[in-house]
Each structure stands twice: as structure tokens, then as C-alpha cells.
Amino acid sequence: MIDPVITLTTDFGAGSPYEAALKGVIVALNPRARLIDLSHAIPAQDVWHGAFFLASAIPYFPADAIHVVVVDPGVGTERRLLCCDLGRHRLVAPDNGILSLLAQEHPVDQAVQLTNPRYWLPVVSPTFHGRDILAPVAAHLSLGVDPLDLGPPVDDLVQLPVPQPQVNEKAMEGEVIFVDSFGNMVSNIPARGLATKLPQVFVNGQIPARWVRTYREAKRGELVALASSTNLLEIAVVMGSAAEQLGRGRGTSISVRF
Amino acid sequence: MIDPVITLTTDFGAGSPYEAALKGVIVALNPRARLIDLSHAIPAQDVWHGAFFLASAIPYFPADAIHVVVVDPGVGTERRLLCCDLGRHRLVAPDNGILSLLAQEHPVDQAVQLTNPRYWLPVVSPTFHGRDILAPVAAHLSLGVDPLDLGPPVDDLVQLPVPQPQVNEKAMEGEVIFVDSFGNMVSNIPARGLATKLPQVFVNGQIPARWVRTYREAKRGELVALASSTNLLEIAVVMGSAAEQLGRGRGTSISVRF
Amino acid sequence: MIDPVITLTTDFGAGSPYEAALKGVIVALNPRARLIDLSHAIPAQDVWHGAFFLASAIPYFPADAIHVVVVDPGVGTERRLLCCDLGRHRLVAPDNGILSLLAQEHPVDQAVQLTNPRYWLPVVSPTFHGRDILAPVAAHLSLGVDPLDLGPPVDDLVQLPVPQPQVNEKAMEGEVIFVDSFGNMVSNIPARGLATKLPQVFVNGQIPARWVRTYREAKRGELVALASSTNLLEIAVVMGSAAEQLGRGRGTSISVRF
């Protein structure tokens, strides 16, 4: 038998005792759980960043992994906590839209609200449901508990507005939706097929970014556009940070002309 | 049989080769060890921060975990290295007071000084006992070595002075003892029962912080007081950093009036 | 049977979705793999830093671990990807010199170029070979694939120029080759035997650093020289950062007189 994988994605920041407590709760309930840190550096309470992160990473995991997501600015309010099966991926997370982007490609098969306190810690802090509800629920799931025992099914998940690119045969208009740790600016414009069309790319309507296939086709410091590793149009500075050089971030408009 | 859990708490900072070497030493001696990172971001040589961190996190772990703690400003001096059983929790750590807070709730059942070089690396660097003594000792413990084989029992552990709150029926006076990665300021004032008393809370004797049950009962930017997830009175700024907004940190006085 | 260890060393930065995707790829192919994070904080594209990191950490690992290294500024160019056995240590990494320092002490037993797409992801992004080639290759190796199935042997690995110290009976001249997270400056001057010679140490030819055996032999703030935990001459400031106090880093000259 293979020990179950439980992954952790939080906005706790480096070295938080909250991360450590979460891990303790899980291995205390299921000593066979294999913990894998996905990130504890989602920017604090940045649900959108978390949504992009999950959409980029979760699809690579096997079906039997359980993913715990604690980016929960609404803790202590009426926002719901969920166990969701998105295609073959199972996540426990607050119902704040953080699953929206992942759900675009992996639609919801089943979602339940976590209401059954039998699978929670005996005492629940009003400010830390990650430790007291999400972590123990994930541990119980890894021990074989049926999601339908956790609470009632729900089908009206919170959706974040996902900015859609405008696409026609001559042009595409989109915006930056994610800035990675290198300062690369990833847009919502699909990159599939772009390479063969020799596109002209502009940041903010006017700053040209030369289309390349890889970083190394350009000189150090040059602003380029290329297909990101998630196959979206990305603006980058070779051996540098595009976000810093342009002084811009999420929401910056990106235009493509053919 | 379940593979043993060994957790790591250090002040090495992100990406240190010291963290990596520690992990190598452990899995080389016990390839079945499951390593769990608690933190490598304890502020450098900040024994007090480490003490609060351990008291917040270790109680959630199961009894058979082994916890390696390397915050060791006294490395190379006569300070002792210990294996301590605090209630059901087993830690290997320098004897510098870093276990003081945890030991308040989980008294020392047994402590031994690590003097038997049979369980160390063959060569011990004068500047890195974490890698050369603590890590191999933890690995040997996970293989079933009896702590009493590691060295002689000791019963005079170093204690950090733990600031105690002044409490009477009309008021409580305490201080901030921990600032978390969100900038929340956790005090040494117990929060149990406070909610029903509608307390008035002041930072530094004069700045009022409104008592709330959860962050979301207040407006963005408002200074509030609430029960922390470890059930201590905490000062927070909703969607912000209290420590930054107040320009204050550990030692800031906190007063409660009824 | 013991589950295989796969370690990860990257320059992705804290909280990158690239780290998470890498982990997903590995556990999807080999659900028994034990992932161990060595570092995701190698400075971006800093091959030399990565080389020192690996030389400091890998030797502590057992022989059957597999080490994935993704510091890959040349991704998408003709630079090769390799599986190398350096003594008993097996690494998958770009052929950019990042193995140079480790290979000085652990010579190459076998190296193959990764050319067989059977062991890659079905689609390979031009910008992320770590996820699409190195990670799946490591997973397949952990399942027992023979390195010789991965591609043809190579014997002309890229070598970084490794600065060598000048040593004679009266003096040694070297330079700082690594600055750790505490600001300690590690040089390329071997420290073995230095302690008995009462050496005089100078930074940049003129700033004296007193030789000590451990940090605690000096006062807070004093500039000292001592043997690093990797047994190289190290410049440190007690309870402070030498790199910050001196305003200097890699390449700074270090002189020793007897």
C-alpha cells in the first residue's frame, strides 16, 4: 500500500508556527501521511494569486493526492469550507473562489460543505480553521473517509471573475494575471499557435516586446514575449525582472497584433 | 510499521546548505526517516522566538515524532546539547532555554546531555553541532536508541525568563511576546474567558484596540484585539500589519480593563 | 523495501508554482518517492552559488538518493541535460558547470546526456525542462531505469573555472567564494591545520580578522576568521553579518600570513 500524499498551500509566510501546527495535526491523525509543501508564500490573503498557483500546479499531481489550501481572509465569517473533487483532483479549501481557475479546466465533480464536527479538532479557534478544520478533514480523507460524510453537497461555489482575453483574427487583447518570482509577467492570452504567426506584442499598448521561442534568443535585458511554461503569453526580461523594469504588475494590458 | 517522523526547526534562513546537510545526515543514518520542515526561518540566534514557535507547534504532533532544534548561538562553547522528553514530546536541542515555554505546559519527564560520541558524526566541526551531533542523534533515536545511552541525565535546564502578566479582577497588564508573519502581535495575556467580559484593550497604555471575535468584525485597517489561535490576547490590524502600523514589536505593553 | 529519496535544488524562489509542478510530476510517476527540499532559494540563474551549495550538501546524503538540480539559465538552448554519477551520488542537472565543485572531490563515474524522450513528459515546454525532462527522468531513475537508457554517455562536462588559492609556507592568498545566509564569507582557503599556526588573516589585503576557533571566542560585532563547517577559512562577524559590515561579497581577496 502506498502512503497517501497530502499537499499544503498557504499564505502563512516563511517560518510561521501556523504551518508547523497544520503539519502536526495531520501526522497526528494519520502518521502515514506524506506531506508535500507546495507553497507557504502565497501573498497574504491574495485569493487570486492562490487561484493561479493552484491552476498551474495541481494538474501535475496524481489523482489520489489530497490538497489542503489555506488562504482564508474570511476566516470566522459565514464563508463556507469545502471538500471539492475537480476532475480527479481533491482539494479542501475555503469557498472564496480560490478554486475558480483550476475549475475552468477540471470541472467540479462533487463538492461538499464541511459541517460535520466529527472530523474537526475538538476545539475550533475562530481565527484558524486551517489547523482546526481543514487539516483534520484532509487527514481523515487520507484515512478513507467518504466526502459525503463531511457535510452536505453544494453546487454554487464562489467564482472569481476571471478576466477573459478578446480574440479575433487580427489581434488579441488581454492582461497580466500573474507575476512569478523571477518577475516574469504571465498574461491571460493563450500562446498556443502564436509562434507560427510572428505576432507583434505590446505592453500597455505601446511598449514593444519581441516574440521569441526561448529566453536565450534575446540579449540580456531585452524585453521579450514568449509562451510561458503554462502556455500563456508571458512578458519577460532576459536575465532580469520584467515586472521591476516596467514598474508594472497584475492588470497591465497586453496586446497582440498579427 | 510506520516510518518515524523527524521534524526540523532552525534559524539557517532560506536556502542554506546547512539545512540540506542536516537532512542528508539524517537520511543517511535512517533512510526510513520522514523529514518534516517546521521552519528554517527562526530569526538568526533568536532563542526566544524559537521558544514561542516550539510552544505553538510541537503540542500538535504525535508522541513518537522526534524534533530537531538548531538555534544555537552558543555553538562551540560549554553550553550543553540535550535530548528532552517534555511530556510525550521528544526534542533534541541546545540547552539555551529554547524549550522553556513548551516546558511550562509539558513538564520535563527526562533530559539527558549528549556526551556519547558514538552517536555523533566521526568528525565534529566546532561551528556546526546541528549537523554533527543533533542530526545524527535524532536519526539514532528514530532507530530505537535509548536516550539514556546518549549521555547522563540532567535536571537543571536553562530557563528563559518568561514575562508573566499581572492579573486582577479589574485589569490585566502584559506585553507582546511574539510577532507573526502577518504582523499580528501576540501577548502573554490569556484570552480564555475574555470575550464574555467585553474588555477594553490598550496598546502602550493609550492606543485603544477594539475587542472582536474574528478579524472580519472590523473594518480594513482597524486596530483590534482578539483571541489568537493559541488563545492569547492578540493585537491585529484587519487586512494589514499591526506591528508595522504601530511601529512596535516584542515587549510592547498591553493593558486590559473590564 | 525503502522508498526512494529524491531531493530538489532550484532557483525558483519561495512559493513558486514551478516548484509545486515539479513535485507533482515526480509523485505522479512514482508515488513512493520521498521528496526532500534542499533549497528553492539558489539566487536566480546563479550557477556558481548552486555549485557551492551542492558541494556542501550532497556528500552527506546516502548513495541511493537522486538529486534533481534546476538552475538552468540556458533552458531552450543547446546546453545538454545530464544524469551524472559523481562517486556514489547521482544527480540530474543541466550541463552548465553546476556540478564542477562537487566533482572535484567526487569524480564522475558515469554521465549520460538526456536524449531519450521516452522518459520525459509527452509535451516539453521550451522554457521549463526542469518540470518536463529532469523531474520525470528522476522519477524513472527512482523506479529502476538504467541511466544508460536515458541517452548516450558523455565525458566532456562543462567546467566552471574554480578559483584556486595560492599557497606557500609563509602565506596563502585566496578569495571569498560563498556568502551564507548569516552573512558569513567562506573563502577557497583550506582551513585544515591553520589553527595550530596562529595565522594572521586580512580581508582585502588590509582589514585584519582575528583567528578564533569558534564564534564565541570573540565579542559581538568583532570581525573574525575561523574554520567553516565545510573546513574552509571563513570570515564572520559575531552576532552579525560580515558581508554587510564589510560591504563585500564573492571575489573579495583573503590573505593569510604565518
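Between chain B and chain C, 8 residue pairs are in polar contact, with both residues of each pair at pLDDT 80 or more. On the side of chain B that touches chain C, the elements giving two or more residues are α1 (17–29) and β2 (34–39) of chain B. The most is given by α1(B), with 10 residues. The model described here is a predicted one.

**The contact between chains B and C**

The contact draws 35 residues from chain B and 27 residues from chain C. The size of an interface is often expressed as the accessible area that is lost when the parts come together. For chain B and chain C, about 2600 Å² is buried between them, and 62% of this lies on carbon and sulfur atoms. Pro17(B), Tyr18(B) and Thr127(B) supply 20% of the area that chain B buries against chain C, which is more than any other three residues supply.

Charged side chains also take part: the count between chain B and chain C is 1 salt bridge. The side chains of Asp3(B) and Arg34(C) meet in a salt bridge, at 2.8 Å from N to O.

The table collects counts for this contact.

| Item | Value |
|---|---|
| Residues from chain B | 35 residues |
| Residues from chain C | 27 residues |
| Salt bridges between chain B and chain C | 1 salt bridge |
| Polar contacts between chain B and chain C | 8 residue pairs |

**How the copies are related**

Chain B is superposed on chain C by a rotation of 120° with 0.0 Å of shift along its axis, and the RMSD is 0.0 Å. The two copies are therefore related as by a three-fold rotation axis. Only 3% of the interface residues of chain B are also interface residues in chain C, so the copies meet through different surfaces.

**The sheet of chain A**

Chain A contains an open sheet of 6 strands in the order β2-β1-β3-β5-β4-β6, with mixed pairing. At its edges stand β2 (34–39) and β6 (108–113) of chain A; each has a single partner strand, so one side of each is left without a neighbour in the sheet. From one strand to the next, the twist averages 20°.

Within this order, strand β3 (residues 66–70) of chain A and strand β5 (residues 89–94) of chain A run parallel and are joined by 3 bridges. Ile66(A) has Arg90(A) as its bridge partner in β5(A).

Note on methods: Residues are numbered from 1 along each chain as its sequence is written. Chains are lettered from A and ligands numbered from 1 in the order in which they are written. This is a predicted model: local features need pLDDT of at least 70, side-chain atom pairs count only at pLDDT 80 or more; totals for chains, interfaces and linings use all residues. Side-chain values use heavy atoms; hydrogens and water are left out. Two strands pair if DSSP finds at least two bridges between them. Helices (H or I, at least four residues) and strands (E, at least two) are DSSP runs, numbered from the N terminus. Axes are lines fitted to C-alpha atoms, for helices over the stretch in contact, and angles run from 0 to 180 degrees between N-to-C directions. Copies are superposed by least squares on the C-alpha atoms of residues with pLDDT of at least 70 in both. Contact means heavy atoms within 4.5 Å. Buried area is the accessible area (1.4 Å probe) that two parts lose on being put together, summed over both. A salt bridge is a side-chain nitrogen of Lys or Arg within 4 Å of a carboxyl oxygen of Asp or Glu. A polar contact is a pair of N or O atoms within 3.5 Å; within protein, one must be able to donate a hydrogen and the other to accept it, and residues adjacent in sequence count only if both atoms are side-chain atoms.
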